[in-house]
Amino acid sequence: MSKKSYAVTIAGGGSTFTPGIALMLLEEHDRFPVNKITFYDNDAERQEIVAKACEIYFRENAPEIEFNYTTDPETAFTGIDFVLAHIRVGKYAMREKDEKIPLKYGVLGQETCGPGGIAYGMRSIGGVIEILDYMEKWSPDAWMLNYSNPAAIVAEACRVLRPNSKIINICDMPIDLMDKMAVMCGIKDRRELQYSYYGLNHYGWFTRIYDKDGNDLMPEIKKHMAKNGYLDGISHEPGQEQHIDESWVHTFGKAKDVYALDPETIPNTYLKYYIFPDYVVETSDPNYTRANEVMDGREKRVFGACREVIEKGTAEGCGFEADAHATYIVDLACALAENTMERFLLIVPNDGAVSNFDPTAMVEVPCIVGKNGYEKICQGQVPQWQKGMLEQQVSVEKLVVQAWVEHSYQKLWQALSLSATVPSAKVAKLILDDLIEANKGYWPELH
Ligand SMILES: NC(=O)c1ccc[n+]([C@@H]2O[C@H](COP(=O)([O-])OP(=O)(O)OC[C@H]3O[C@@H](n4cnc5c(N)ncnc54)[C@H](O)[C@@H]3O)[C@@H](O)[C@H]2O)c1
Ligand SMILES: O=P(O)(O)OC[C@H]1O[C@H](O[C@H]2[C@H](O)[C@@H](O)[C@@H](O)O[C@@H]2CO)[C@H](O)[C@@H](O)[C@@H]1O
Ligand SMILES: [Mn+2]
């Protein structure tokens, strides 16, 4: 790295992920020097709890970094190099509704998949575009690294509405899965894996995995997947434990059944929602969904720790930890800033990267990233089964964006009826009418 240092704004300053990412930025300081960190959120009260605690932590551990937090866009987005965006429009209260409304009609309730993901998409598009516009107005040379969800719909909205903007949409699910595949193969650092992958966000398949010397790791990974899904990849090393919540453990185990449908590829965990929707509904509690688990778990933990730091006036012994797993964000920022030409799995316009698939689809494929942005690595043709699934799901995502742009009830109904998670247009309409009611003030008014 050169001696240059960077000003970073974290959009969604009140997120449960903010302390982990802020501490990760400090830990990675040698690689990615930061001179200024600003938190931005549109909920002053929520952000203040996280920000005041981080302010104390920074004062004690990195006084050389200028730290601010604000709800004023001009202050947040002036003179910066990077925006790291993880907003949740509607927060957990709306996530809970996204998950519970479909379940009333026997349809799965999930943050980013099916009707819940569609509802969340209709809320997120405006929020993410607003932040992108702020960044372009006050820091036109900056890059926005977006991992706000639902990333598939947000990315399609950016392609349609802001095709020339400096935004990169990225997801950490494949990163976590590569961590797990590295554990299965006894490899310490996931970054040594060379991978091929195609799909949409939360909807894709690994096709090749090699180690750094080019040895094929697929036979070893396939053995584990066939027996236990991703469970064999869960690290038991202290500090490396991910997703100890039961629901995630089930998801990692269920990947065994998803894998069985195509033993030539290694699936993304999220495919279970489209391939086994009946199983997901049967194993869901309509009165206590993942949103409740997160509010009772991660949110209480993070906000409890922040309140304790504020009360004590010190962050010593507070248990704040850098999100080691989020280092991929620094890897990506370094690639853009320092032209490292590293490989990342990004959500980008297809344009032939998957040759027998819609060129206008936003696909998740490996890319080489440097100072001038990304260059896609072609993945060739996909088999018939995946092609059929991709065509159905990409149409859902495109229809949601069209519905948002045109304020179209018809298109949103079509989107819901086309989702593999929804059994009929009748059920789609019942869910849609409930979602419209629940999302008043968040969605454009549909007609
Ligand atoms: N893509 C990935 O790999 C990945 C991984 C983890 C989380 N996420 C996403 O990160 C986001 C945050 O997750 P969380 O569980 O910490 O949520 P959270 O509710 O704790 O935090 C989200 C914050 O965003 C703020 N916000 C909402 N709308 C805003 C707007 N228009 N402008 C500015 N701030 C706004 C909220 O006030 C809240 O403080 C979600 O979108 C989640 O899906 C993505
Ligand atoms: O149900 P949640 O809020 O716990 O998680 C939903 C998110 O799940 C994925 O991100 C995981 C990531 O894969 C894991 O390794 C670790 O960092 O936690 C993240 C959050 O739990 C997914 O990629 C996100 O898009 C989801 O929002
Ligand atoms: Mn994701």
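**The metal site and the fold**

Reader: Which protein atoms are donors of the manganese ion (ligand 3)?
Author: Cys171 gives SG and His202 gives NE2. They lie 2.2 to 2.3 Å from the ion. Keep in mind that this is a predicted model.

Reader: Where do Cys171 and His202 lie in the chain?
Author: Cys171 lies in the loop between β6 (167–169) and α7 (173–184). His202 lies in the loop between β7 (194–200) and β8 (203–210). So the pair ties together parts that are 31 residues apart in sequence.

Reader: Is Cys171 buried or exposed? And what about His202?
Author: Cys171 counts as buried, because its relative accessibility is 7% and the cut-off is under 20%. His202 counts as buried too, at 5%.

Reader: New topic. How many helices and strands does the protein have?
Author: There are 16 helices and 12 strands.

Reader: What does the radius of gyration say?
Author: The protein has 21 Å. A compact globule of 447 residues would have a value near 22 Å, so the two agree. The C-alpha trace spans about 55 × 55 × 40 Å along its principal axes.

Reader: How much of the protein is buried?
Author: Of the 447 residues, 58% count as buried.

Reader: What about the surface and the charges?
Author: The accessible surface comes to about 18,400 Å², and 49% of that belongs to carbon and sulfur atoms. The protein has 45 positive and 65 negative side chains. The centres of the two sets lie 3 Å apart.

Terms used: Residues numbered from 1 in each chain as written. Chains lettered and ligands numbered in written order. Predicted model: local features only at pLDDT ≥ 70, side-chain atom pairs only at ≥ 80, totals over all residues. Heavy atoms only, no water. Helix = DSSP H or I, 4+ residues; strand = E, 2+ residues; numbered from the N terminus. Rg over C-alpha atoms; globule rule 2.2 N^0.38 Å. Buried < 20%, exposed > 50% of the residue type's maximum accessible area, 1.4 Å probe, protein only. Areas by Shrake-Rupley, 256 points an atom, 1.4 Å probe, with all protein chains shown as cover. Lys, Arg positive; Asp, Glu negative; His and termini not counted. Charge placed at Lys NZ, Arg CZ, Asp CG, Glu CD. Donors = N, O, S within 2.8 Å, 3.2 Å for Na, K, Ca; no water.
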